[in-house]
Amino acid sequence: MMSLYLLPATIPLLYVGLALIMLRTPARWPQLLAWLPVLAALVTAGLLLVEGAGQGPLIGLAGVGFSVRVDALSVTLLLLVSFLGATVLHYSRQYLAGDPRHGRFMFDLALTLAAVTTLVAAGNLYLLVGAWVAMSLLLNRLLLFRSERRMARVAATKKFILARVGDVSLIVACGLLIAEFGTAEFGALTAAITSLPGELPGAALAAACLLALTAVLKSAQFPAHGWLIEVMETPTPVSALLHAGIVNAGGFLFLRFADLMLAAPSVGLVVAGIGAVTAIVGTV
């Protein structure tokens, strides 16, 4: 039965296949292919309803490798990302028709969706970090598609710097959690955190702070929001893709580590305060 929980792994693989097809035929690929990841996400949702939450077996060595987690959070995000991804890919099919770089654009777009879906389905910290970094680097390629435009370069440079800070904080946070609890799997990690008799150990509290920093940077919260305002210099599908799971990845990260954040309420209060300031600034 555990092999059924490998089902979400087909979604990023489908996007990789789409990327290879689109690279060769950017404006002539069968549009129905964009809906295959949506179908796989729907089947995964059915698995969750019938069998309940679970985690697939690890494909790797010494705890490092590929494993996926099926729960309400991962299924909800897989449905959202795949549906919006299909819409963006449909729109992009003719968006740059005739542009000599159309194939490269579609290739990067589909690979970014593969990274996002790997992130939300990740069952262990190693895979989450790898998908997080890959998603960020692929987004930077998309932001620089119009590299001849100065403001596009400015936005990409700001995003690149902030993203690397976020990557380092995420890597250190995950390293602290693995060192403290001796596991990289989310199921075992959650069980270890919820079974703590008292307050969080210092290493776990530091990890919670670093994860909050990572989430704030990824979600373009104040004062790290400047680059998001300038992405209008990039092709329209990139702006749409940002809201198909990339900017929202900060919120996903916070929810994925919800048990850790609940055990560190002061961290949650700080993030809530930053979110409130961001909402006010955005409204103004």
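Reply: Ile11, Tyr15, Leu18 and Met22 of helix H1 are in contact with Leu78, Val81, Ser82, Gly85 and Leu89 of helix H3, where contact means heavy atoms within 4.5 Å. This is a predicted model, in which local features need pLDDT of at least 70, side-chain atom pairs count only at pLDDT 80 or more, and totals for chains, interfaces and linings use all residues. Residues are numbered from 1 along each chain as its sequence is written, and side-chain values use heavy atoms, with hydrogens and water left out. Helices (H or I, at least four residues) and strands (E, at least two) are DSSP runs, numbered from the N terminus.

By class, the contact of H1 with H3 has 7 nonpolar, 2 polar and no charged residues. Here Ala, Val, Leu, Ile, Met, Phe, Trp, Tyr, Cys and Pro count as nonpolar, Asp, Glu, Lys and Arg as charged, and the others, Gly among them, as polar. H1 comprises residues 10–24, and its axis lies 12 Å from that of H3 at an angle of about 10°. Axes are lines fitted to C-alpha atoms, for helices over the stretch in contact, and angles run from 0 to 180 degrees between N-to-C directions. H1 and H3 are therefore roughly parallel; angles under 35 degrees count as roughly parallel, over 145 as roughly antiparallel, 65 to 115 as roughly perpendicular and the rest as oblique.

Within H1, Leu18 counts as buried because its relative accessibility is 4%. Buried means under 20% relative accessible area, exposed over 50%, and partly exposed in between (1.4 Å probe, protein chains only). Leaving aside neighbours within four places in sequence, Leu18 is in contact with Trp29, Leu33, Ala34, Pro37, Leu89 and Ala110. The C-alpha atoms of Leu18 and Leu33 are separated by 7.4 Å, although the two are 15 residues apart along the chain.

H3 spans residues 72–95 and includes Ser92, which counts as buried at 0% relative accessibility. Beyond its neighbours within four places in sequence, Ser92 is in contact with His102, Phe105, Met106, Leu109 and Pro237.

H3 also packs with helix H11: their axes come within 11 Å and cross at roughly 165°. That makes H3 roughly antiparallel to H11. The residues in contact are Leu73, Ser74 and Leu77 of H3 and Phe252, Leu255 and Arg256 of H11. By class, they divide into 4 nonpolar, 1 polar and 1 charged. The buried residues of H11 are Ala249, Gly250, Phe252, Leu253 and Arg256. Seen down the axis of H11, they fall within an arc of 160°, so they line one face of the helix; the arc is that of the directions from the helix axis to the C-beta atoms.

H11 (249–256) is also among the elements against which the buried residues of helix H7 pack, together with strand E1 (54–55), strand E4 (69–70), helix H5 (125–143), H6 and helix H12 (258–262). In H7 (residues 186–194), Phe186, Leu189 and Ile193 are buried. Their arc, seen down the axis of H7, is within 60°, so these buried residues line one face of the helix.

H6 (residues 150–181) packs in turn with helix H8 (residues 202–218), the axes coming within 8 Å and crossing at roughly 155°. H6 and H8 are therefore roughly antiparallel to each other. The residues of their contact divide into 16 nonpolar, 3 polar and 3 charged.
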